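Visitor: I am new to this structure, so please show it to me and take me through a few of its features.

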Amino acid sequence: MRDLVFKGETLSDRARKNLSILDTIRRSGPISKTEISSFIGVNVVTVSNYVEEFLRQKLIFEKELDVSKGGRRPVLLDLNNDSGYAIGVGINLLNAIAVLIDMKGNLILRVKRETAQVSASEIVELILGLVKDLLAQAAGYKDRIKGIGVAIAGIVDHGRDTVRWPENIDKDNNSYSLITLPLKDILEKELNYPVCVDNDATMACFGEQWLSREVEMKDLVYMLSGVGCGIMINGEIYRGTSGCAGEISIYNAKDKNNEQQEFNCTAGQPCLLKRWEVDLGMLALAKKEAPSYKDSKIWQLCDGSIKNLNLKNIFEAIQQEDQLALDIVKRSAKRLGMKVAFLVNLLNPQAVIIGGGLEEAGVPFIDEIRRTVSEWAFEEASSAVKIVSSRLGENAVALGAANFIVREVFAGVKE
């Protein structure tokens, strides 16, 4: 089971052709060799050579003949969905999810746990528990699982296969320590499958693009929160030189009490450059203001106790058209919208996808982000960008991580 080697974005010419041909079959099959050749711009003889190897390894199969336009009828090719399976694990604001998918990205099994933010020590047990629960339901698939993709918060060092996990050590001052965690090694030893660890926002962004039917959608930003985003440029994951692209805040441990005068944001609070809470401060704002609004639905949903209040209560209150919840969400959306406007100006993407649990805030949240971007970004950039909720919803991170395993399988096919 340990025969898969993950190479990230360092792809050979053969790997790129593997990926291009198999992805075309995945998206558009059943399809002929001639159609593949035309679609990807590679001559049909080369396509045929690659296809022969894919057939031999049973990644694809030949299907019924297409209607002939004269001469021999072309054989159609389609993906063998059951040639392998992949597991993905993702953690967002509200829950942790593990999924099992086939080679076409179809969801087969899913395990979900409600969760709050967890520590570095808890994250390993959480992931192991999720995967073991999933494997307990996947007896008939175990021998064909190609690998496990894990997508979590933090900066992933792909060279050393470690994660720098952000541990919140002072919630009042929003201060973090960074703990280096050899997550890949730990999980591979425990689970006996090859493991690929990556950033949550990056994998969510990849999953949205990989599973989209809009093939031309190649320049994307996925906003996981006000803290981080995933970026795809021309259909490729953008990680930057050292793998930490997408961290959209800066942080100085010496600046806990605004001691650094050159970075004092009091004139423009909230400071768009400084690190925010992942929920954009919605929960803290609700706890502060709810006591003044005893008729708010928020009180009913938390059983009249601020200690019980959680983010889900706020989102449920919005669905009941609660004014306080709506006000909290719109204020947070405006903050996020200003940060999105900055990214829209900087990257000029085709789409910005709002996810990671934030999309649960609903239409008012997305509409306020759109309005803010329209007001703050350059017209040329804001008029070209689509701002939408995550299509994959709470499964986005896990599905992205699982489908990245599929992508690596495609790229790694050898003669």
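**Salt bridges and a strand**

Guide: A search of the whole structure finds 23 salt bridges, each being a side-chain nitrogen of Lys or Arg within 4 Å of a carboxyl oxygen of Asp or Glu. This is a predicted model, in which local features need pLDDT of at least 70 and side-chain atom pairs count only at pLDDT 80 or more, while totals for chains, interfaces and linings use all residues. Residues are numbered from 1 along each chain as its sequence is written, and side-chain values use heavy atoms, with hydrogens and water left out.

Visitor: Which residue meets Lys104 in a salt bridge?

Guide: Lys104 lies in the loop between strand 5 (95-102) and strand 6 (107-114), and its partner is in strand 3, so the pair ties together parts that are 26 residues apart in sequence. Strands here are DSSP runs (E, at least two residues), numbered from the N terminus. The N to O distance is 3.8 Å, and the partner of Lys104 is Asp78.

Visitor: Is Asp78 buried or exposed?

Guide: Buried means under 20% relative accessible area, exposed over 50%, and partly exposed in between (1.4 Å probe, protein chains only). Asp78 has 6% relative accessibility and therefore counts as buried.

Visitor: How many bridges pair strand 2 with strand 3?

Guide: Two strands pair if DSSP finds at least two bridges between them. In strand 3, Asp78 is the bridge partner of Phe61. Strand 2 (residues 60-65) and strand 3 run in the antiparallel sense, and the number of bridges is 5.

How values were computed: Helices (H or I, at least four residues) and strands (E, at least two) are DSSP runs, numbered from the N terminus.
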